[in-house]
Amino acid sequence: MNGNPSNNGMGEIVETVARWLRGFILVYGISVVLYGHLSPGGGFEGGVVIACGFILLTLAGGEQQGQRFFSRRMALGFGSAGLLIFLVLALIGMGRADGAFLQNVIGTSDQAWFTLFSGGLIPLLNIGIGLLVASLLFLVFTLLATVGTAPEKEDPEGDDS
Amino acid sequence: MIEVIAILILLAIAAAIIVVETTNLLFSVISVGAVGFLLAIIFLLLGAPDVAIVQIGVEVISLVILVRATMGRDVEPAVGRRDFVGMVVAVTLVVAIGLFGMQIFADFPEFGSSVMERVAQAPSNTYLREGLASTGTPNTVTAVLLDYRAYDTLGEVTVLFCAVMGVLAILRRKARVPLGGDDATEDRK
Amino acid sequence: MIPLFIALPLAAAFLLPLFGGRHPAFADWLANGILLCLVILAFGSIGQEAVYHMGAWSTPIGIDLRLDPLASLLLIAVSVIGLITAFYSVQYMRTYTAKHRYYGLFLLLVAGMNGVILAGDLFNLYVLMEIATVASYALVAFGCRHEELEASFRYAVLGTLSSIIILIGVALVYAMTGTLNMAHIASRIAEIGMGPPLMFALALFVGGFGLKAALVPFHAWLPDAYPSAPAPVSAIFAGVLSKVIGIYVIARLLYNVFGVTEVELEVLRWLGVISMVVGGLLATGQWDMKRLFAYSSIGQVGYIVLGLGLGTPLGVVGALYHLLNHAVFKSLLFLNAGTVEYMTGTRDLKQLGGLNRAMPVTRATTLVASMSIAGIPPFNGFWSKLIIIVACVQSGFLGFAATAVIMSIVTLGYQLKVQRHAFATAPLPGSAAVVTEPRLMCAAMILLALGCVVLPLLLLGGFASPLLIGPAKEALLGGVLTLLPEAGG
Amino acid sequence: MIYSLSLLLILVGLYGVVVNRNVMKIVLSLLVMEHGVHLLLILIGYRAEGRPPIMDATTAATEFAANAVDPLPQAMVLTSIVIGLGVLALLVALCVRLYQRYGTFDVTRMRRLRG
């Protein structure tokens, strides 16, 4: 697309630093997702952090760099997958005789409170949400970032005839 | 405490006035960010760290999107208002709703008296009392979001998905094919 | 089984981006198959009354889904109109790219509407309404032409504004009652009475949902948005969307949550009458087929709101019956306009003409729909309008009854205009060569036309409580919701 | 009253929506309105001297329930923020697309629709 200001990134130094930071941001995001049921945070917050990591990469290293790491098709696929994880987990409850949609089917009364493996389905739901939020927000960003800034030539029906 | 919060809200209102009044689009975007970050601090003070984190994260993402959308495009200052009659109608409307709305807060419960104290059978009481025992989650907000009211969360992520599908649909390069043309199978780029 | 009404279309919508792009036929089959399942489920829900506890949490703690005869009625309307329009889209949407995206948004729209119908929780209602409205913004802009983007932007701004207004209402209700469950809210209101904050919240709800339903002072977005969407989408918008996320919610909240008072009914009646008159009169001046039908929608929605505003059993029956009828004939009219546009490339009445030979099926079905909407006797529109007018007279609102009759004649006027300019006159020189009508699209239109003929059979249950509608009326007039009915799904 | 201040924030946004002609600024004003509603909700959920609704191992459940602020409005705000982000993305997409078509953000210069 035409006239896009920063498809090329911000230069060597910024790009290198961004690449160093990438790992930290991802680890931090994943930990926010996983510990969402114990501390402030959760799937959405962690997903946002992860998406920010990829966005940083794209802004610093340019469109190509970001796409090489996480392409649009992948992002869309992961987004749908995250939603499907959520929906499947929700439907598990209905499979049981006295169960209900979205029921927390894994027993929660085991005294594992305050540890990572507690909360039944909640951490799993968090993972699904983290996955979909990270991919969908990154997808939105790349889509909006690559729209050309130059107006089209005046041509009455645009490109749609 | 309440004074600090009031001052912060007043600051946010000042930033909001800049948002709607300034003629520079970039200033406007940055001021929205200011409103958002001030709100994040207020949420933190009001005992809502979860919301504050989300607010900051979302604010960052929206700012990136908004700056990206305005950069290189705001060729002209965003001056211009509706015509005079429109202005008068708009201001009257806003003032009327404002005056009417302010009235109702006279009958509102005192600030700081949460519904949980007034309504014994309010669901929030149950969430706090039994949240850990019945969901195994010490973070009650997560317990509400992902267990008690997980259906809302399903709806919420669906709205996000829906918006992304919408963005994909709206930003298609080629939206129509002439009749008799081959079926459209392209996946944007 | 109740959550399946939402889970099925969602599952399909989530699957489409994974597989729909590569296999276009898969998208067609999946969307139509899922909607067929929904139709079966919806008809299976007739006569059931149940409260479904999401996540097996008891009532005020978790989220409830509430199925009653009124919900069944609307579920049937949504799924049937959805199926027929999806079926129509199989052929019609070939003129657009990215059909799988279209189906994805379409299924999300259906899921959102089903969710709103079944919602037993105020905030949940808001969330699911957002699914439906966000999908609808995108669908309005689906063609990506100048005017479509512009219409979508206006619709999206006003829609978001109304959503925010509704959310303020939800916040106020929560602050006063401490709960979000509709039945629980109703019982709390019985305890504490309607203070000013709750009155204000109710006003916000009527304003917000009135904006979504395009009642007259809030109708500015509609005449742009409906014509801009692809025809099957306009059909589902006019047929069910504006009713589900507008009228149905208003009726539900007024009758079943807040409790009706004479003042509220008065407001509804006036909103209805003004919509009826303004919509009808503005429709007569239009030359764009879809735009004309869009204005006509505002007018017809006015009848429904007037019926609801009467508050009498007969008025409510008329309103619900007209809601069902309008879903059928207005969808049909939009599909007709879509077929005309598909085949001739225009929907401007001044450029059309002489289509009666080239498009016999469209001609016949439009005639049926026109006579229905104008209230010509054997068709369904006549009966519902008759019931509403009789109910007006019964309640002593002779002026409103007379207005309803006059607007019915105006309706006949603008429908005849469409008939005359599109079909009857000799073709203009230069109008495009017309090929035979697409078969699948014809099938969809014929199905809806059959609906216009069959729907009067509902009256076999008697005027005061037709089949399907009688129980729905009972559900609406049965007073505020109670916490009691306990039943699994 | 502190609630009135949140209403004021909403009204500033409303004023911006009805008065502005620039599509981006209309979107930004909607964002301000949304912020106002979120603030209202969190204020409603506040309890004087309340603690965040996150439990630790040392507090008893009853004591926690007597002190923590209301978690339900917080959950509502979280949901609403995400919804707002989705709607924002869609609106911005519409804006940039409109800019592509018309070369301006000024709504009065986009007039293809017949009145």
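Where is Ala56(C) found? Ala56(C) sits in the loop between strand S1 (50–53) and strand S2 (64–67) of chain C. More on that residue comes further down.

## Before you start

This is a predicted model: local features need pLDDT of at least 70, side-chain atom pairs count only at pLDDT 80 or more, and totals for chains, interfaces and linings use all residues. Residues are numbered from 1 along each chain as its sequence is written, while chains are lettered from A and ligands numbered from 1 in the order in which they are written.

## Chains A and D

Let's take chain A to begin with. Chain A has 4 helices and 0 strands, running α-α-α-α from the N terminus on. (Helices, H or I with at least four residues, and strands, E with at least two, are DSSP runs numbered from the N terminus.) Of its 161 residues, 46% count as buried; buried here is 20 or more other C-beta atoms within 10 Å of a residue's own, exposed is 12 or fewer, partly exposed is in between, and the C-beta atoms are placed from the backbone. Looking at contacts in chain A with a separation of 6 or more, 68% are between residues 24 or more positions apart. Two residues are in contact if their C-beta atoms, placed from the backbone, lie within 7 Å.

Chain D also comes to 4 helices and 0 strands, in the order α-α-α-α from the N terminus. Buried residues make up 75% of its 115 residues. The radius of gyration of chain D is 20 Å, whereas a compact globule of 115 residues would have one near 13 Å; the radius is taken over C-alpha atoms, and the globule rule is 2.2 Å times the number of residues to the power 0.38. Along the principal axes, the C-alpha atoms of chain D fill a box of roughly 65 × 30 × 20 Å.

## Where chains meet

Chain A puts 45 residues in contact with 39 residues of chain B. Helices H2 (43–69), H3 (72–95) and H4 (122–145) of chain A each give two or more residues to this side, and H4(A) gives the most, with 13 residues. By class, this side of chain A has 28 nonpolar, 14 polar and 3 charged residues. (Ala, Val, Leu, Ile, Met, Phe, Trp, Tyr, Cys and Pro count as nonpolar, Asp, Glu, Lys and Arg as charged, and the others, Gly among them, as polar.)

Chain B also meets chain D: 80 residues of chain B are in contact with 74 residues of chain D. H3(B) gives the largest share of chain B's side, 12 residues. That side has 55 nonpolar, 17 polar and 8 charged residues.

## Two residues with positive phi

Most residues other than glycine have a negative phi. Ala56(C), the loop residue from the opening question, has a positive phi of about 60° although it is not a glycine. With 18 C-beta neighbours inside 10 Å, Ala56(C) counts as partly exposed.

Over in chain D, Glu49(D) has a positive phi too, near 60°, and is not a glycine. Glu49(D) lies in the loop between helix H2 (23–45) and helix H3 (61–67) of chain D. Is Glu49(D) buried or exposed? Glu49(D) is exposed, with 10 other C-beta atoms within 10 Å.
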